Structures are given as C-alpha cells and as structure tokens.
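Please keep the sequence and the coordinates at hand while reading.

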Amino acid sequence: MTTNSDKLKDFSPIGLKTRREIAGDEWFNLNMENMTEWDRYWQIVATNTNWHTTWSRGIIPRQTLSLVNMAMLASMGHWGEFEHHFRNALIRTKVPLIQMREIMLHISQYCGMVTGGEIWKIARRVLKEENIDLSQLPPLDSSNINYRP
C-alpha cells in the first residue's frame, strides 16, 4: 500500500510549500489527491521546476511574478489559468488593485481588444465573487483618451 509520504517522496518540500501558498489549499489538494501514476511525473516536474526553482527563489517578488503570469496567460488566451492567477494575485500574493488594473490595461493594449474584453470580464466576475470593495480604488485620469470634437 502506498502512503502519502511515499507518493510525495520525489517532491521538493519547498516546492510543495510554495505551491500550496500561491495556488491555495483547494487547488493544491485537488492536484495532489487526484494524482495517479499516470500524471505523477508531471506533478513532480511542475512542483520541482515551477514552484521550487522559480516561485521559491525570491529573486523576483511574488507580486511581480503574479503580474507576469497574468500577462503571459492572457496573451496566450488561457482564460481558466488567467482567472486562477488573477484570483491568486488578489487573495494570496496580495497585488494591489491599482497594479492589477494597470497590468490589465497594458495587457489590453499589447494583446488586443478581444483579449482585453475577456480579461476585464473575468476580473469583474472574480472581484464580485470575492466581495472586493472597489470604492477605495482611485479613479484614473482619462483626460488623455477622451474624445473632444
């Protein structure tokens, strides 16, 4: 019989810890509890390379990594992963809303209107689901983009 410690013996403890901290208990448990021999090697690779050797190094702050991930995932049209990382940035890495809004403006600018429309729709839904109070978010100066006849 395989024990849980046997299942995780090839996993980096630092990678497991970071993965749980960033992705959250629910996401972490879903991946670990449903792991079979079919995908075990993939889970080891994801944990030991992604979560241990990039997210855990501390060279780039976690908030910055969250913003980078949001931009990359949006640019590739990976909406489910974008939503997951948007929520992680909001709740776990605690990226300030003003920075999240700014990166989304840049994503919309560089990746196009369709991508922009999709990420703003996802963000609105997640913000509502998480009951985020936006009343303290300062308004942007839009005087440089307003139409003036």
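The side chains of R125 and E83 form a salt bridge, with N and O 3.0 Å apart. The term stands for a side-chain nitrogen of Lys or Arg within 4 Å of a carboxyl oxygen of Asp or Glu. This pair links distant parts of the chain, since R125 belongs to helix 8 and E83 to helix 6, 42 residues apart. Helices here are DSSP runs of H or I with at least four residues, strands are runs of E with at least two, and both are numbered from the N terminus.

The model is a predicted one, in which local features need pLDDT of at least 70 and side-chain atom pairs count only at pLDDT 80 or more, while totals for chains, interfaces and linings use all residues. Residues are numbered from 1 along each chain as its sequence is written, and side-chain values use heavy atoms, with hydrogens and water left out.

R125 also forms a salt bridge with E129, where the closest N and O atoms are 3.7 Å apart. Both R125 and E129 are in helix 8, 4 residues apart, which is about one turn of the helix. At 36% relative accessibility R125 is classed as partly exposed, and E129 falls in the partly exposed class because its value is 43%. On this scale, buried means under 20% relative accessible area, exposed means over 50%, and partly exposed lies in between (1.4 Å probe, protein chains only). Through shared partners, salt bridges join E83, R87, R125, E129 and E130 into one network.

The structure holds 11 salt bridges. Another of them joins the side chains of K9 and D10, at 3.5 Å from N to O. K9 counts as exposed because its relative accessibility is 58%, whereas D10, at 36%, counts as partly exposed.

For helix 6 (residues 79-91) and helix 8 (residues 113-129), the axes come within 10 Å and cross at roughly 45°. The axes are lines fitted to C-alpha atoms, for helices over the stretch in contact, and the angles run from 0 to 180 degrees between N-to-C directions. Helix 6 and helix 8 are therefore oblique to each other; under 35 degrees counts as roughly parallel, over 145 as roughly antiparallel, 65 to 115 as roughly perpendicular, and the rest as oblique.

On the helix 6 side, the contact (heavy atoms within 4.5 Å) is made by W79, F82, E83, F86, R87 and L90. Helix 8 contributes T115, E118, I119, I122, A123, R125, V126, L127 and E129.

Helix 6 also contains H85. H85 counts as buried because its relative accessibility is 8%. Apart from its neighbours within four places in sequence, H85 is in contact with W55, N69, M70 and L73.

Two backbone angles remain. Most residues other than glycine have a negative phi. Phi of K94, however, is positive, near 55°. K94 sits in the loop between helix 6 and helix 7 (97-111) and is exposed, with a relative accessible area of 54%. N131 likewise has a positive phi, near 55°. N131 lies in the segment after helix 8 and counts as exposed at 69% relative accessibility.
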